[in-house]
Amino acid sequence: MEDIKPLMKITRTKLKQASLLWAEGFREACCLHRVIVLCRRSRKLLVRTGQCFLLNGFIFLGSLFVLNSVVIPILQWILPDQRSQISYEEMSAFDGVLKFYSFLHGLLVQLFYVFWFYPLYVFSIILSNLWYNDIAKHGFAAIGRSGPSVVESSKQNDALTSDSKVHAARPAGLGGIMIGIGEQVYSVLLLSFFFIEVYATGFIPYVGKALNFLLLSWMYAYYCFEYKWNLSEWGLEKRLDFFETNWAFFAGFGSPCVLAIFFFSPLVSYGVMAILFPLFVLTATGTEAEQVISTQRRKWSGAELGRLPVFYAVDTLLMRVLSLFPLESREQVQDNKTL
């Protein structure tokens, strides 16, 4: 019993630390006033953000509203399918007509989806992703940064991610470009596998929804900060190290993103997220996560939160998949990951 008490004390301390970091991340994500400040500084940023609202809010979500509130009720009025209000004798006489009405009603709704919503959905994804990159660049410039972020003090580095591990600088010229491309490809594959993991956890009984929420929070937080890290020229290994070392902060930062979409249908969730995502990208761009985390960690005494391998499963699976390719390609990917 005496041996358990120190363990319980350490557990309580770490839970408190994780809760405080989570709360800091949640608070930083909710600092949406930064978006207004940045948009006032940059007209280009204001235009791009407005275009996202117009496409995903007015056109995409507006189309969904028109379909559910206008088109479907009109079709139900023109092509009624009210079998419960018809007697058995009348139903036998009109059964063929009612089936035809029901078939025609479903066909027209599906045609609306096929020829309008699905093309609009694909168009929105492609265009929005291009705009998100522009929004991050304009936001980064509006803050006054045009290159790598200022290196933290040695005290902060020791407290955060133990930068005694040397992150090698990219070589200049074509070699640096190829390494950058390799990192982006690996990052896309890693997040794609992580998305599959997020989707799969939703089918786990009892704890599936909670796990799904947590993993989605991490995924959206990583997406939001990845634009800033790209512009700050952080290598992939440094990003993953910082993210997994401060997993509680990023779980908190991603929670408002997920709360906004968690209870909607897939299409509505996409529309809402497409509107809110650039706001969270700008909030992440304006967040001094290193300083916030370092300030919080300086208040702690004793054992600190350790690194949580959030991407371990997908990283291992991805390396297994890449092992099917020739050895030279595999070594090139591993080199790109560590640089």
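User: What separates Glu24 and Arg27 in helix 1?

Analyst: Glu24 and Arg27 are three residues apart in helix 1 (residues 4-29), so about one helical turn separates them. Helices here are DSSP runs (H or I, at least four residues), numbered from the N terminus. The model is predicted: local features need pLDDT of at least 70 and side-chain atom pairs count only at pLDDT 80 or more, while totals for chains, interfaces and linings use all residues. Residues are numbered from 1 along each chain as its sequence is written, and side-chain values use heavy atoms, with hydrogens and water left out.

User: Why is the contact of Glu24 with Arg27 called a salt bridge?

Analyst: The term requires a side-chain nitrogen of Lys or Arg within 4 Å of a carboxyl oxygen of Asp or Glu. The closest N and O atoms of Glu24 and Arg27 are 3.0 Å apart, so the pair meets the definition. Glu28 also forms a salt bridge with Arg27, at 3.1 Å, and a network of salt bridges links Glu24, Arg27, Glu28 and Arg34. A search of the whole structure finds seven salt bridges.

User: How do you know whether Glu24 is buried or exposed?

Analyst: Buried means under 20% relative accessible area, exposed over 50%, and partly exposed in between (1.4 Å probe, protein chains only). Glu24 has 18%, and is therefore buried. Glu28, at 3%, also counts as buried, whereas Arg27, at 43%, is partly exposed.

User: Which parts of the chain does the pair of Glu226 and Arg239 link?

Analyst: The side chains of Glu226 and Arg239 meet in a salt bridge with an N to O distance of 3.6 Å. This pair links distant parts of the chain, with Glu226 in helix 7 and Arg239 in helix 8 (residues 236-245), 13 residues apart. Glu226 is buried, because its relative accessibility is 11%; Arg239 is buried too, at 1%.

User: What makes Leu111 partly exposed?

Analyst: Leu111 has a relative accessible area of 34%, and is therefore partly exposed. Leu111 lies in helix 4.

User: What classes of residue make up the lining of the largest pocket?

Analyst: The lining of the largest pocket has 24 nonpolar, nine polar and three charged residues. Ala, Val, Leu, Ile, Met, Phe, Trp, Tyr, Cys and Pro count as nonpolar, Asp, Glu, Lys and Arg as charged, and the others, Gly among them, as polar.

Key:
Helix = DSSP H or I, 4+ residues; strand = E, 2+ residues; numbered from the N terminus.
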